Amino acid sequence: MHTPARPFTPAQRLHSKSDYDRVYKNSRRSADGMFAIFIRPNGGSVARLGLSVAAKIIGGAVRRNRIKRLVRESFRLHQHELPPVDIVVNARFGARDADNPAITRSLEKHWRAVSKSCAPS
């Protein structure tokens, strides 16, 4: 069975410091031991993703890049379920040594929370 491609385009990324600051300033939050996720409606037509994976918390480049890859891939697969919001994902210490399935489960829980909390009423 072939699934249609769901690209993760530059238009779906947060690029500037002001984008990140806007999300941090006025946001809803979803958190667990692996991630703190900040969500803010963006008034656009697609969800946009920003990542904050600190070396101090996660460790060296190999670990940070693995976390970022997993977050981007999970976002790519679930983007069609998300409302038009800006999302900043902050990695927490729990993600450092977690295996890939645990990280994926945590992110799926957060995507459901985002969809639920930002659903039109």
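This report walks through the sheet, the helices and the aromatic residues of a predicted model.

## Ground rules

Residues are numbered from 1 along each chain as its sequence is written, and side-chain values use heavy atoms, with hydrogens and water left out. Since the model is predicted, local features need pLDDT of at least 70 and side-chain atom pairs count only at pLDDT 80 or more, while totals for chains, interfaces and linings use all residues.

## The sheet

Let's start with the strands. They form an open sheet of 4 strands, in the order β1-β2-β4-β3, with mixed pairing. Strands are DSSP runs of E with at least two residues, helices are runs of H or I with at least four, and both are numbered from the N terminus. Two strands pair if DSSP finds at least two bridges between them. The edges belong to β1 (28-31) and β3 (48-52); each has a single partner strand, so one side of each is left without a neighbour in the sheet. On average, neighbouring strands are turned by 20° against each other, direction ignored.

Strand β2 (residues 35-41) meets β4 (residues 85-91) in the antiparallel sense over 7 bridges. Arg-40 has Asp-86 in β4 as its bridge partner. On β1, the pairing with β2 is also antiparallel, over 4 bridges, and Ala-31 stands opposite Ala-36 in β2. A hairpin of 3 residues joins β1 to β2.

## Helices on the sheet

Helix α3 (residues 61-78) packs on the sheet and touches β2, β3 and β4; its direction makes about 165° with that of β3. Here contact means heavy atoms within 4.5 Å, and angles run from 0 to 180 degrees between N-to-C directions of lines fitted to C-alpha atoms, for helices over the stretch in contact. Helix α4 (residues 100-117) lies across β1, β2, β3 and β4, at about 25° to β2.

Which residues of α3 are buried? They are Ile-67, Leu-70, Val-71, Ser-74, Phe-75 and His-78, where buried means under 20% relative accessible area, exposed over 50% and partly exposed in between (1.4 Å probe, protein chains only). Seen down the axis of α3, these buried residues fall within an arc of 130°, so they line one face of the helix; the arc is that of the directions from the helix axis to the C-beta atoms. Their cover includes β2, β3, α2 (55-58), β4 and α4. The face turned away from the buried side carries the exposed residues Val-62 and Arg-69.

## An aromatic cluster

Phe-8, Phe-75 and Trp-111 form one aromatic cluster. Rings of Phe, Tyr and Trp (its six-membered ring) pair if their centres lie within 6.5 Å; planes under 30 degrees apart count as stacked, over 60 as edge-to-face and the rest as tilted. The structure holds 3 aromatic pairs. One of them, Phe-8 with Phe-75, is edge-to-face, at 5.3 Å centre to centre and 70° between the planes. This pair links distant parts of the chain, with Phe-8 in the segment before α1 (17-25) and Phe-75 in helix α3, 67 residues apart.

The rings of Phe-75 and Trp-111 have centres 5.9 Å apart and planes at 70°, so this pair is edge-to-face. Trp-111 sits in helix α4, 36 residues from Phe-75 in α3. Phe-8 and Phe-75 are buried, and Trp-111 is buried too.

## Tyr-20

Tyr-20 is found in helix α1 and is buried, with a relative accessible area of 18%. Not counting residues up to four places away in sequence, Tyr-20 touches Leu-14, Gly-50, Leu-51 and Val-88.
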